[in-house]
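Have a look at the model below. We'll walk through a couple of its features together.

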Amino acid sequence: MARIAVGGFQHETNTFAPQRATWADFERADAWPGFVRGPELIDAVEGFNLPIAGAVKTLAGLGHELVPLCWCSAPPSSHVEREAYEKVAGHILDDLAAGGPLDGIYLDLHGAMVAEHHEDGEGELLRRIRVLVGDRMPIVTSLDYHTNLTPEMVRFASAMIGYRTYPHIDMAATGSRAAQLLDRLLKDRRPLYKAYRQIDFLIPLVWQCTLMEPAKGIFALIEDIERGSDRSGVPGGSHNQGIVSVTHTPGFPPADIKECGAALVVYGHDRDAAEAAADRLAAAIREREAGFAGKLYTPDEAVIEALRLAKGATKPVMLADIQDNPGAGGTSDTVGLLRALIAHRATGAVIGMIVDPEAAEMATAAGEGALLECGVGAKIGYAGETPVEAQWRVVRLGSGVFTGSGPMYGGAKFQIGPMALVTDEASGVSAVLAAKRIQAVDQEMFRHVGVEPAEVPILGLKSTVHFRAHFQPIAEAILCVESPGAHVSDPTELPYRRLRKGVRLRPLGPVHE
Ligand SMILES: [Zn+2]
């Protein structure tokens with residue numbers, strides 16, 4: 001039995017987005033728990049599809065004593081404010097110092113956090129922890145699929161394990177795998193050799209999905225490389241030679257930092273085997289560069305095609321509003337797709353979530369059946385947009401408190417209200433309003449305001465890829481739409497200043513100079 005500190009600090013930073021992450025954003029609950037510190041952490045994360053939940057369960061099951069630090073996350077946005085970063089990092093350092101003798105540390109990190117004063121948020125945190133606990137302490141972290149994996153993170157963590165799915169259905173499972181690896185490091189007492197590679201092109205999120213090629217094949221290869229040394233499913237298993245663990249993070253392109261982009265790290269006891277595996281995986285990714293591509297529709301093209309496909313269809317045609325994804329820093333209140341649905345009179349179409357606290361509160365005050373006395377969306381005014389003025393009838397209200405049921409957010413206790421379903425009387429187009437920024441990833445978000453997603457002819461979703469976990473099985477077709485949003489999908493349109501030179505800004509795209 002070992003004494004293991006457990007905690008987490010998650011943020012995905014789109015440095016080009018309009019809103020920053022404040023301390024209040026970390027403190028507040030959304031789909032995930034709010035800031036929690038000390039013994040109450042254990043109960044607070046239980047049952048969530050989160051790495052910390054999987055790690056806690058596995059470490060406790062292995063008989064280890066847990067020393068809870070703190071855990072928090074904030075919705076993806078621009079930079080984490082200095083005050084918020086220092087507060088959370090300070091709590092982690094203080095609690096590690098006060099936690100008594102420790103044998104190991106597990107941290108639930110995202111891997112794409114940029115603070116106002118440190119562009120490598122996780123690398124800096126791990127550096128501080130390493131200074132405090134010394135070189136010999138095993139520190140294992142889990143990482144999001146969208147990690148921008150930096151040399152500092154690789155250097156200061158003993159080992160890191162990333163998600164292997166996008167949509168991320170393996171979050172808790174990844175925490176569990178990290179816990180097993182930490183347990184193994186404690187028993188082995190052998191340091192791991194690290195083979196790290198960066199990939200020299202950025203991959204737009206929309207083409208990173210593991211439900212399709214080429215990401216699907218790359219992650220199958222990763223499983224093969226790991227299984228080459230062990231077939232038990234436990235990273236590294238009982239073999240002392242060869243590969244212990246392989247992580248590839250396709251990266252989070254809208255982050256103007258030096259080390260932005262896809263990378264990989266192979267951990268092993270044998271230097272040559274780890275280097276060879278890293279070369280093999282890097283070559284496989286580079287060979288597939290041209291495959292990270294597909295069609296994007298303008299809002300008008302998308303709605304016209306959706307209306308055509310919806311004729312005679314029994315399932316909804318889905319329009320993914322990929323650039324206004326709040327899960328990647330979007331405001332979730334842009335109205336390009338909503339305006340196109342109205343302009344083409346897509347009667348029966350529903351779009352969600354339009355995050356508009358003012359309209360959601362006014363709808364609640366007005367009551368079901370009343371007319372809404374304000375426009376919908378575009379309250380932040382991204383790209384110069386203005387709210388959509390129409391005869392918005394308040395059809396259904398919701399508190400915004402409900403439990404998710406999909407593969408990714410099943411069990412998540414959403415608190416995103418107040419919510420409302422409003423319908424434009426002229427066109428028959430509806431919008432689901434929410435007060436808190438949240439990605440359209442779970443069918444319960446629609447059911448909560450009386451919409452059964454499978455029965456809608458055209459469904460607009462503010463999401464890039466995650467919606468596919470719960471919505472793709474009920475879709476007639478999915479069209480990806482390039483409408484205004486702060487998650488600019490094509491990195492060649494972003495004004496990078498800090499990104500290292502020589503990186504191709506998209507697959508087969510121009511080189512950043
Ligand atoms: Zn992610």
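## A buried histidine and its metal

Let's start with His 168. In this predicted model, His 168 has a relative accessibility of 2%, so His 168 counts as buried, the cut-off being under 20%. Asp 144 comes out at 5%, so Asp 144 counts as buried too.

What do these residues hold on to? His 168 (through NE2), Asp 144 (through OD) and His 146 (through ND1) coordinate the zinc ion, at 2.1 to 2.2 Å.

Read along the sequence, the zinc donors follow the spacing D-x1-H-x21-H. Asp 144 and His 168 are 24 residues apart and link distant parts of the chain. You'll find Asp 144 in the loop between β5 (139-143) and α6 (151-156), while His 168 lies in the loop between β6 (159-162) and α7 (171-188).

## A seven-stranded sheet

Now for another part of the model. Seven strands make an open sheet with mixed pairing, in the order β12-β15-β16-β11-β17-β10-β18. Its edges are β12 (392-398) and β18 (477-481), each of which pairs on one side only. From one strand to the next, the twist averages 25°.

What keeps neighbours together? Strands of a sheet pair through backbone hydrogen bonds, either parallel or antiparallel. Here, β10 (residues 317-321) and β18 run parallel and are joined by five bridges. Along this pair, Met 318 sits opposite Ile 478 in β18.

## A helix on the sheet

Helix α12 (residues 357-366) packs on the sheet, where it touches β11 (350-355), β12, β15 (419-424) and β16 (430-434). The direction of α12 makes about 100° with that of β16.

How values were computed. Residues numbered from 1 in each chain as written. Predicted model: local features only at pLDDT ≥ 70, side-chain atom pairs only at ≥ 80, totals over all residues. Heavy atoms only, no water. Donors = N, O, S within 2.8 Å, 3.2 Å for Na, K, Ca; no water. Helix = DSSP H or I, 4+ residues; strand = E, 2+ residues; numbered from the N terminus. Buried < 20%, exposed > 50% of the residue type's maximum accessible area, 1.4 Å probe, protein only. Pairing = 2+ DSSP bridges. Axes fitted to C-alpha atoms, helices over the stretch in contact; angles between N-to-C directions. Contact = heavy atoms within 4.5 Å.
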